[in-house]
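User: Could you walk me through how to read helix packing and sheet order in a model?

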Amino acid sequence: MTDQLVVTGDLHARRDLAEKQLDDWSAVGVSHIVDVREEWNDAAFVNDRHPEITYLHRPTHDNGGRQDDEWFTSGVSAIVDAISADSNNIVVVHCHMGVNRAPSLAFAALLEMGWTVEKALNSIRKARPIVGILYAEQAVDWFARRHHICSSEHVELRRSVRQWLAANSVDSRWVISRIRLAENDPSPGHRKAGIDAPGNFPQSQTQLRMMTQEVL
């Protein structure tokens, strides 16, 4: 997404592949991991394998319901503080699949750093074409409450999110089904998620499917 901010899925369920993945992250300079999964915690693994990487757990659900303001506040603070502390820091934000929770939190962080709605959403989708960003409107609601934005501007921000999502929709159910298949694939070379992603917007369902395979 930026030189300092990456959105992806989590480490592989297989220990050997997770070790290689974490080694790769460390090799390219990842300094912080913000893990937003409620269902798992990799603190011990990361601290044992690469203690130089700061692991921050900011857990939340992924049931499609409301995300608490506190989750956005603590998660965004973790991201922005790490980025602001050193221009060489690289922050990886991940959930399980890198489809909704992590990109929604990254979106909130970009808003906090002064990005516009459209620029932030475009950057997230360009970096990771499979994202759904389910909680993007809630991120805007949090941002408006946090900064006491007037109701008319708040409404316009929400409209911008809705219009962007409508114009740049993805088949999240299909994407998730492909990730499920990848999770069950025993092939060592089949990555479920990584920090490298294609750089073009999907123009069709066929192209989206091809790009999803690359990201996986």
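**Reading helix packing and the sheet**

Analyst: Happy to. In helix α4, Ser104, Phe107, Ala108, Leu111 and Glu112 meet Ala136, Ala139, Val140, Trp142, Phe143 and Arg146 of α6. Contact means heavy atoms within 4.5 Å, and helices (H or I, at least four residues) and strands (E, at least two) are DSSP runs numbered from the N terminus. This is a predicted model, where local features need pLDDT of at least 70, side-chain atom pairs count only at pLDDT 80 or more, and totals for chains, interfaces and linings use all residues. Residues are numbered from 1 along each chain as its sequence is written, and side-chain values use heavy atoms, leaving out hydrogens and water.

User: At what angle do α4 and α6 pack, and how far apart are their axes?

Analyst: Two packed helices are described by the angle between their axes and the distance between the axes. Here α4 (residues 101–112) and α6 (residues 136–146) pack at about 35°, with axes 9 Å apart. Axes are lines fitted to C-alpha atoms, for helices over the stretch in contact, and angles run from 0 to 180 degrees between N-to-C directions.

User: In what order do the four strands form the sheet?

Analyst: Strands pair if DSSP finds at least two bridges between them. The open sheet has the order β1-β4-β2-β3, with parallel pairing. Its edge strands, β1 (5–8) and β3 (54–60), each pair on one side only. From one strand to the next, the twist averages 20°.

User: Which residue in β3 is the bridge partner of valine 34?

Analyst: That partner is leucine 56. Five bridges join β2 (residues 30–37) to β3.
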